[in-house]
Amino acid sequence: MNMTTFVFPLAVLLLAGQSLHAVGPDRRPKFDKSSYRGTLWTQVNPWWHPNKPRTGCPLGGPNYARKVYPDDPVAYWREAMAECKAKGMTGWQFELPVSAPGYGVTLKEAIKAAEELGDFKLALFLGVFRGAVGNSVEGAIKALFTQFDMFADEYRNSDVFFRVDGAPVLSIYSSWDFSPDEWLQIQEAFEARYGHSIWLANLWWGTYVPSTKQEELRKWMPVFDGCTAYANWASQTELYRLVGEVMHNEFPDKIFEGTVTNTYSVHYLHSGTFTYVARKYLKSWDSMMECRPDSIVMTNLFDHWENSIILPCYEREDFLLRYGELMMARLFDKPFQRRQAPEVVVTSYIDMVAGLRELLFEVISLPVDTSETAYTYTLELLDETGQPIHAFPAQEIKLDDLDTKEFTIGSATFAGRLLTPRLKATWHGEEQRPLLLPPLWVDPALRGSLMFWARSTANALHSKSGSHDWMLNGQPAGSVVDWRQTMGKAFAEANLEPLDQEVTRVRVMRNGEEFFSEKRKNLNHIFQLDLPCPRLNDDYYWLEMECANGNRFNTLPIWVTARNGEAKVETVIASSSGKETCKITLPPGRVPAFDYPCEVNNGSKLMDVGGLLHNGNYVEGAVGEPFGSLRRTGYRHYVNDMDTLPRPGLYQKDEDGKGFIRLNADKKAFFMLAGGTAFPYSYTYEISVRPLETGRPMGILGTVLGPLNLFLDAEGRMVASRETGFEHTEPPSEHKTVTVSSLKPLEKGKWSRIAVTYDCQTLKLYVDGELQGEEASGLDAEHATLNYVSVGCRLRFLQEPYDFFNGDIRNLRLTGRPLAPSEFR
């Protein structure tokens, strides 16, 4: 869509340059924005360093940079800048929350890094959050002075800062926190001290629906020099259609910066936004082609809370930057660095809960500089042993232009399986070396992590032999190793050498996370491993070779179980339609389970001993921001936090020596099981409770969308409830709540064993092994989104706890299938 076409519908309605909408006079100095046009940026958080540890990091998501960066701050910022610069990025918008001025030290490191690198720019992304600066203009000015005095000379004089008509650029994160008149006061004080600046307002602030944005822009643009955006989880096309109309027609001389997003989800929740791998990212760029902004900012270089990572990283390699480079070439007539050989990217989810959605794979071919453009490929899915179990139809494409294709297949068939995508291709009449992705885990009960693998043929590291050439305790790829035979003592044996690249590091991966690594030039050796007990949940391992720039080769997986010899179990999941159900049979260790016996004093933790380390966090009062998030749960949903402070009186023992947790309702005390805890399909929840009072409602287990709520009513009866009707359907689905109550009240001061089962059709409640009642209840797809669990209270939307339990708990176990009463504790 060209500019004339875009502007015309409103242009015919403008008279003498006046908008039909009320817009106040422009109160900012005029400037020439041409130098800013065609720039490409990303926001950068100073607290997420490129050299974030690959293991043991307690904060944020599980992803990390594609390669190992230096330890020196200036050096790692410089290398990360160089990676962005090589893909056509202008610079970074470095985030500074002015209420935490210490990050100015980090900015000075980045300034030095940019100076050493050369021809790479910085702008500032300021958080002037009203509540954090005393709710006043004076507080905002004081906080800005404290922050900017740390680097005032560089801000005024350094060539590192991108300048428009000589003025550095400030993107204001918290744009609508102050009124237009208040912003004028802040700008006047700031510019009197630090000089004229270009102020861009984050339009995705205050309200988070596209329909409000036109009026907000008309209100604030007269006191800003343009607009930018940080993320967006609404319709990108609709948002920028509305924003583009206003910016092109009513504020044509101001900077209109568009934004592209990839897997961004709402802060701390990782929920409600299914990302469909690269599809969202590609469509985000499509919306930019339609609205034609002056510049682009990509959300976000390395922000782990949303997993919105632009930096070349372990999951996605350099795909996001390379595709961005191509789109900038098309949007602003810039050069695109075409490679000489095929550059084909394959994407796949890291994990997916079976049934609700189809498995989605994408194959994206970037334009290549070659006379031989014919390229034929087939995408296959391999089982754990490396045997193809499905092949999508072969595709013939041309390499001289962009080609994107999606491949889907129902997920229910593969529940409880590891699938390894493999791309087989022919070019120049020769069969190319296959591209093997890491495995995709199709979980029968646990929600996915909204994260994905992307691997490129241009970055592939190949071995001289195949991917089968490794063994664990003498068992080959695709096998199942019994942990109990050697109590976790294992020897990994490999015969793998790189074909044409120099390997610098070898790694053992466990459930997607790095378990062991060392500097080596190949995997042609034997090394000993001490494997943790998988207990209730089988683990899967694979090996990797990695070169200095992050290219890697991975093998096929091997399973490790502590449940060898146990009979297979049956469970019920949704079909791919999300409405029908089907029964499947699996080894017991493939069904997820969390286990919290409460037998040991773990400080402020509710310790999961089931093998997944999905630990709960102790809370008093309101829920802190992180407790709803998936945290590090891209790797089988485990939680690894630092807070293990002692809590006197929390852990106690009965006279018989059995441990328990005492929750104090006066303190509003409870535990939060973060992220993907509540199962969307079949389940069993077991817990032993001893109430210390009756006469009022008290929550035992709470979920925000109601796959299960367990509570004591005012009469002391145990009640299990289940809610449905949250799905976004046409016509809207009917909200329903079913409840099952115990036949009699629980006794105060006495332990009772509670169990609730659900088999995708019927909710059942048991007390001390005896069935109390049952009610029919259907499935709801939204149960696979917001599904954290509170222990010791109920939850209102979004994370509001209420009806706190006063009493004792122990033996909490959550299992992703309906157990028979004989299987209860």
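**Aromatic rings, in pairs and in a cluster**

Modeller: Tyr64 and Tyr314 are both buried. The model is a predicted one. A pair of aromatic rings is described by two things, the distance of the centres and the angle of the planes. With centres required to lie within 6.5 Å, the count comes to 53 aromatic pairs. Tyr64 and Tyr314 make up one of them, with 5.2 Å from centre to centre and 20° between the planes, and this pair is stacked. The two residues come from distant parts of the chain, 250 residues apart. Tyr64 belongs to the loop between β1 (40–44) and α2 (73–86), while Tyr314 belongs to the loop between β11 (308–309) and α10 (319–332).

Phe148 and Phe151 give another kind of pair: their ring centres are 5.0 Å apart and their planes meet at 50°, so this pair is tilted. The cut-offs behind that word are under 30 degrees for stacked and over 60 for edge-to-face, with the rest called tilted. Phe148 has a relative accessible area of 0%, so it is buried. Phe151 also counts as buried, because its relative accessibility is 0%; the limit for that word is under 20%.

Phe148 and Phe151 are also part of one aromatic cluster, whose members include Phe145, Tyr155, Trp183 and Phe224. Phe145 has a charged neighbour: Arg193 lies over the face of its ring, at 4.2 Å from the ring centre.

Arg810 is in strand β53 (residues 807–815), and it counts as buried because its relative accessible area is 9%. Leaving out residues up to four places away in sequence, Arg810 touches several residues, among them Tyr596, Phe660 and Trp751. Tyr596 is 214 residues from Arg810 along the chain, yet their C-alpha atoms are separated by 7.2 Å. Asp654 is another residue that Arg810 touches, and a polar contact of 3.1 Å joins the two side chains.

The chain as a whole gives the setting for these details. Buried residues account for 63% of its 825 residues. Of the contacts between residues at least 6 apart in sequence, 74% join residues at least 24 apart. The secondary structure comprises eleven helices and 53 strands.

Terms used. Residues are numbered from 1 along each chain as its sequence is written. This is a predicted model: local features need pLDDT of at least 70, side-chain atom pairs count only at pLDDT 80 or more; totals for chains, interfaces and linings use all residues. Side-chain values use heavy atoms; hydrogens and water are left out. Rings of Phe, Tyr and Trp (its six-membered ring) pair if their centres lie within 6.5 Å; planes under 30 degrees apart count as stacked, over 60 as edge-to-face and the rest as tilted. Helices (H or I, at least four residues) and strands (E, at least two) are DSSP runs, numbered from the N terminus. Buried means under 20% relative accessible area, exposed over 50%, partly exposed in between (1.4 Å probe, protein chains only). A charge sits over a ring if NZ of Lys or CZ of Arg is within 6 Å of the ring centre and within 35 degrees of the ring normal. Contact means heavy atoms within 4.5 Å. A polar contact is a pair of N or O atoms within 3.5 Å; within protein, one must be able to donate a hydrogen and the other to accept it, and residues adjacent in sequence count only if both atoms are side-chain atoms.
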